[in-house]
Amino acid sequence: MIEIKDVHQSYGKGKVLDGVSLRIKENAITAIVGANGAGKSTLLGVITRILPMISGEVFWDGFNLKQVKSREIAKKIAVLKQTQSLNIRINVADLVEFGRFPYCGGRLSDADKAKVEQALDYMDLQLIRDKFIDELSGGQRQRAFIAMILAQDTPYIFLDEPLNNLDIKYSVEMMKIIRKFVTELGKTIVLVLHDINFAAAYADYIVAMKDGKIAGEGPVLDMISPEILNGIFDHNFHIVEHDGKKVCLYYDNESRRKHGGYTHNHDSEHVSRHGDEHAHNRGDGFARRNDDKKGRRHTV
Amino acid sequence: MRLELVVKFFKRQYRRVLIYTLFAALFVTSLMIGAVTDVNFESLFRGDELMWSIMIHSRLPRTLAVVLAASGLSVAGLIMQAISRNKFMSPSTSGTTNAASLGMLIAYIALGTSPAIIQTIFAFVFALISTLLFTSVINKLKIREVVYIPLIGMMYGGLISAISTAIAYRYEAMQILNSFGLGSFARVGNFSVIYIITVPLFLSVLFSTKFSIIGMGEDFSKNLGVNYNKVVFFGLTLIALVSASSFVAVGGLPFIGLIIPNMTTSFYGDNLKRSIVDIMLFGADFVLICDIISRLVIFPFEISVSLTISVVGGIIFMIYLIRGIRHGKTKTR
């Protein structure tokens with residue numbers, strides 16, 4: 001079990017994490033959601049000792065992670081940050097072998113090799129095992145990195161925006177695979193997700209962050225509600241149910257209001273705020289889109 | 001059936017076979033070239049003592065020096081490129097070689113003519129400090145255009161050279177300074193320090209997986225429990241050691257650390273575990289060829305090997321630079 005106690009972190013003057021405490025649910029998918037700069041990725045980095053923290057503690061089964069050797073942690077917790085180094089020429093099988101490093105230090109035993117083969121089979125990579133990762137499509141490359149994490153054979157897996165740069169088909173495929181990790185392999189998964197609807201559709205628990213604090217946490221059906229999400233994202237949400245799952249509609253509220261589609265009981269409050277917030281929201285949205293483009297260009 | 005297997009093996013491993021056979025052939029050729037033309041297979045088989053003496057005391061050390069310096073610098077470049085995730089980094093494009101030269105100069109001014117090992121220690125300390133300084137500054141600058149980094153490195157190297165020149169001018173050691181840089185395998189005296197390179201060569205093979213993981217990025221390394229800073233420091237130490245001992249023993253061999261890893265990783269890939277020995281031998285092949293050319297063009301005299309390497313290596317470097325820009329592979333990460 002992983003437990004986070006009162007974690008603080010800041011860059012320069014701005015507080016990125018401000019007293020975060022959290023207990024991660026076993027054998028389930030937990031999605032961390034929130035606006036840009038809410039501290040999601042930082043929280044993930046701090047829990048997995050990738051990033052340092054100013055104060056606070058992370059416990060794994062009662063052990064303080066600060067007192068455990070990094071290589072031992074690597075056998076319990078695997079973490080994959082947003083898709084990395086694209087111009088590295090390394091083939092898929094070799095990449096997956098890196099996942100065994102914490103166990104063998106680079107000289108693979110037969111058992112290690114078997115784990116690598118299992119991971120390649122599980123992620124359906126046998127046909128492209130000899131290809132260099134810089135020759136793969138975005139979806140294949142992401143699968144290769146996930147296979148490495150799988151070969152690392154840890155009960156806990158942390159993924160930072162695993163759907164970044166993936167199109168819809170690969171995103172759905174990836175979330176299905178992650179779901180299988182829980183049901184078939186009994187793993188505990190924590191994801192940072194940008195798209196609230198992927199969280200709503202595939203996660204079991206949602207942890208919502210705002211301004212470096214946990215703004216709310218709970219089972220997915222409780223969390224996906226306008227009352228909670230509006231506050232977290234500073235945006236008006238409309239929730240519909242489809243096949244027993246909740247879906248968030250958050251595109252351009254105004255036009256839907258005109259067509260009479262917006263019929264929520266919190267609407268009176270919405271109307272009073274709407275006038276002065278509209279311009280702000282629009283501007284924000286544009287800025288964010290530019291950010292995304294820039295971010296993508298940098299990752300190439 | 002057996003023939004098919006041989007063909008299959010050859011198809012998959014022909015580069016490796018080529019590099020190894022070429023190495024054996026060039027090694028023997030290198031041993032057979034020299035002013036005393038009587039050193040040949042016939043005289044050696046006859047057991048001519050004088051010929052054997054020339055072979056063991058002159059020819060063999062020279063050829064070994066070529067092999068060690070070339071393999072060492074190739075591996076140093078390889079590790080440096082993995083650490084910096086930049087294909088244009090090498091000891092000669094990051095000021096390391098220039099700092100080694102400055103170290104040797106300081107040793108000369110402070111201690112006069114000192115044993116080679118003392119010179120190597122000075123060169124090593126200067127090279128290490130300079131490389132640490134350069135890499136930490138480069139990391140802070142976060143430059144995305146990879147071509148700029150070696151350019152900055154060369155300017156930085158130029159700066160160190162300028163300091164060396166100023167000091168040498170002040171202490172009237174200009175001639176000494178100039179003689180350091182001229183790469184030649186015909187030197188006597190400082191030769192023995194070249195054997196130091198065997199240590200970093202051995203360690204780099206041992207730590208090849210760690211260097212590859214470091215090359216995948218800091219987060220990636222930390223996830224696997226690899227201590228990023230420690231391995232980077234270790235890598236830079238190996239690089240400084242190779243640069244210093246090869247510089248003291250044979251002088252500057254430009255471009256080797258740059259072009260050899262680039263020529264090999266383009267087909268071997270960046271997993272050092274698979275390629276590191278081949279890269280060493282390929283580097284040795286390249287310098288052996290250049291050395292043989294240098295010894296033959298004005299036989300029985302020879303020209304400086306760094307001249308030949310500069311001509312051949314400079315052309316190859318230009319090709320890679322232009323190709324890199326054209327393929328748009330000039331951005332890091």
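Visitor: Hi! Which ring does the charged end of Lys25(A) sit over?
Guide: The charged end of Lys25(A) lies over the ring of Tyr205(A), 5.2 Å from its centre. "Over a ring" requires NZ of Lys or CZ of Arg within 6 Å of the ring centre and within 35 degrees of the ring normal. This is a predicted model, where local features need pLDDT of at least 70, side-chain atom pairs count only at pLDDT 80 or more, and totals for chains, interfaces and linings use all residues. Residues are numbered from 1 along each chain as its sequence is written, chains are lettered from A and ligands numbered from 1 in the order written, and side-chain values use heavy atoms, leaving out hydrogens and water.

Visitor: And what about Arg170(B)?
Guide: Its charged end sits over the ring of Tyr171(B), 5.1 Å from the centre.

Visitor: Why is the pair of Tyr122(A) and Phe181(A) called tilted?
Guide: Because their planes are at 40 degrees, with the ring centres 5.9 Å apart.

Visitor: Is Phe181(A) buried or exposed?
Guide: Phe181(A) is buried, with a relative accessible area of 1%. Buried means under 20%, exposed over 50%, and partly exposed in between (1.4 Å probe, protein chains only).

Visitor: New topic: how many disulfides are there?
Guide: Zero, over all chains. A disulfide would be a pair of cysteine sulfur atoms within 2.5 Å.

Visitor: What is the relative accessible area of Cys248(A)?
Guide: Cys248(A) has 0%, so Cys248(A) is buried.

Methods: Rings of Phe, Tyr and Trp (its six-membered ring) pair if their centres lie within 6.5 Å; planes under 30 degrees apart count as stacked, over 60 as edge-to-face and the rest as tilted.
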